[in-house]
Amino acid sequence: MRIDHQARVLGEDGRPIRGLLAAGSDTGGLWHRAYAGGLASALVFGLTAADTATEPTHRT
């Protein structure tokens, strides 16, 4: 799955899927040779996803 810089999951057309966010190992693509653990990406993308989820334009 692909995501943008706001942790929003992107559809096949490249546009964010409303209400669908990713964090942790779901974000993928952060490791060059091996999986380094999910804590750092979970923290970074978890906080990013939380910020995105609370934006008035993101809520339904």
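Modeller: First, a term: helices are DSSP runs of H or I with at least four residues, numbered from the N terminus. By that rule, Val44 lies in helix H1, residues 39-53. Bear in mind that this is a predicted model.

Biologist: What is the bridge partner of Ile3 in E2?

Modeller: E1 and E2 pair in the antiparallel sense, over two bridges. Strand E1 covers residues 2-3. In E2, the partner of Ile3 is Val9.

Biologist: Which residue in E3 stands opposite Arg8?

Modeller: Strand E2 spans residues 8-10 and strand E3 spans residues 16-21. Two bridges join them, and they run antiparallel. Opposite Arg8 stands Leu21.

Biologist: Which residue takes a positive phi in the hairpin of E2 and E3?

Modeller: Five residues lie between the strands of this hairpin. One of them has a phi near 85°. That residue is Gly14.

Biologist: How many salt bridges does a search of the whole structure find?

Modeller: Asp4 forms one with Arg8. Asp13 forms one with Arg15. Side chains of opposite charge can pair when their charged atoms come close. The search finds two.

Biologist: How far apart are the closest N and O atoms of Asp4 and Arg8?

Modeller: Asp4 lies in the loop between E1 and E2. A salt bridge needs a side-chain nitrogen of Lys or Arg within 4 Å of a carboxyl oxygen of Asp or Glu. Asp4 and Arg8 qualify, with a closest N and O separation of 2.6 Å.

Biologist: Is Asp4 buried or exposed?

Modeller: The cut-off for buried is under 20% relative accessible area. Asp4 has 14% relative accessibility, so Asp4 counts as buried.

Biologist: Which backbone nitrogen does the side chain of Asp4 reach?

Modeller: Leaving aside neighbours within four places in sequence, Asp4 is in contact with Leu10 and Pro16. The side chain of Asp4 also reaches a backbone nitrogen at 2.9 Å. That nitrogen belongs to Gln6.

Biologist: Why does Gln6 count as buried?

Modeller: Gln6 is found in the loop between E1 and E2. Leaving aside neighbours within four places in sequence, Gln6 touches Leu21, Thr48, Ala49, Thr52 and Glu55. Buried means under 20% relative accessible area. Gln6 counts as buried because its relative accessibility is 17%.

Biologist: How far apart in space are Arg15 and Asp4, C-alpha to C-alpha?

Modeller: Arg15 is found in the loop between E2 and E3. Leaving aside neighbours within four places in sequence, Arg15 is in contact with Val9 and Leu10. Arg15 and Asp4 are 11 residues apart in sequence. In space, C-alpha to C-alpha, the separation is 9.1 Å.

Biologist: Is Arg15 buried or exposed?

Modeller: Arg15 has a salt bridge to Asp13, with the closest N and O atoms 3.4 Å apart. Asp13 is exposed. The cut-off for exposed is over 50% relative accessible area. At 58% relative accessibility, Arg15 therefore counts as exposed.

Biologist: How much accessible area do Leu43, Val44 and Leu47 have together?

Modeller: Val44 lies in H1. At 47% relative accessibility, Val44 counts as partly exposed. Leu43, Val44 and Leu47 form a nonpolar patch on the surface. Together their accessible area is about 290 Å².

Biologist: What share of the accessible surface of the chain belongs to carbon and sulfur atoms?

Modeller: Buried residues make up 25% of the 60 residues in the chain. The accessible surface of the chain comes to about 4400 Å². The share for carbon and sulfur atoms is 57%.

How values were computed: Residues are numbered from 1 along each chain as its sequence is written. This is a predicted model: local features need pLDDT of at least 70, side-chain atom pairs count only at pLDDT 80 or more; totals for chains, interfaces and linings use all residues. Side-chain values use heavy atoms; hydrogens and water are left out. Two strands pair if DSSP finds at least two bridges between them. Patches are made of residues with over 30% relative accessible area and no salt bridge: like charges are joined within 9 Å, nonpolar side chains (Val, Leu, Ile, Met, Phe, Trp, Tyr) within 5 Å. Accessible areas come from the Shrake-Rupley method with a 1.4 Å probe; for residues, only the protein chains shown count as cover. Buried means under 20% relative accessible area, exposed over 50%, partly exposed in between (1.4 Å probe, protein chains only). Contact means heavy atoms within 4.5 Å. A polar contact is a pair of N or O atoms within 3.5 Å; within protein, one must be able to donate a hydrogen and the other to accept it, and residues adjacent in sequence count only if both atoms are side-chain atoms.
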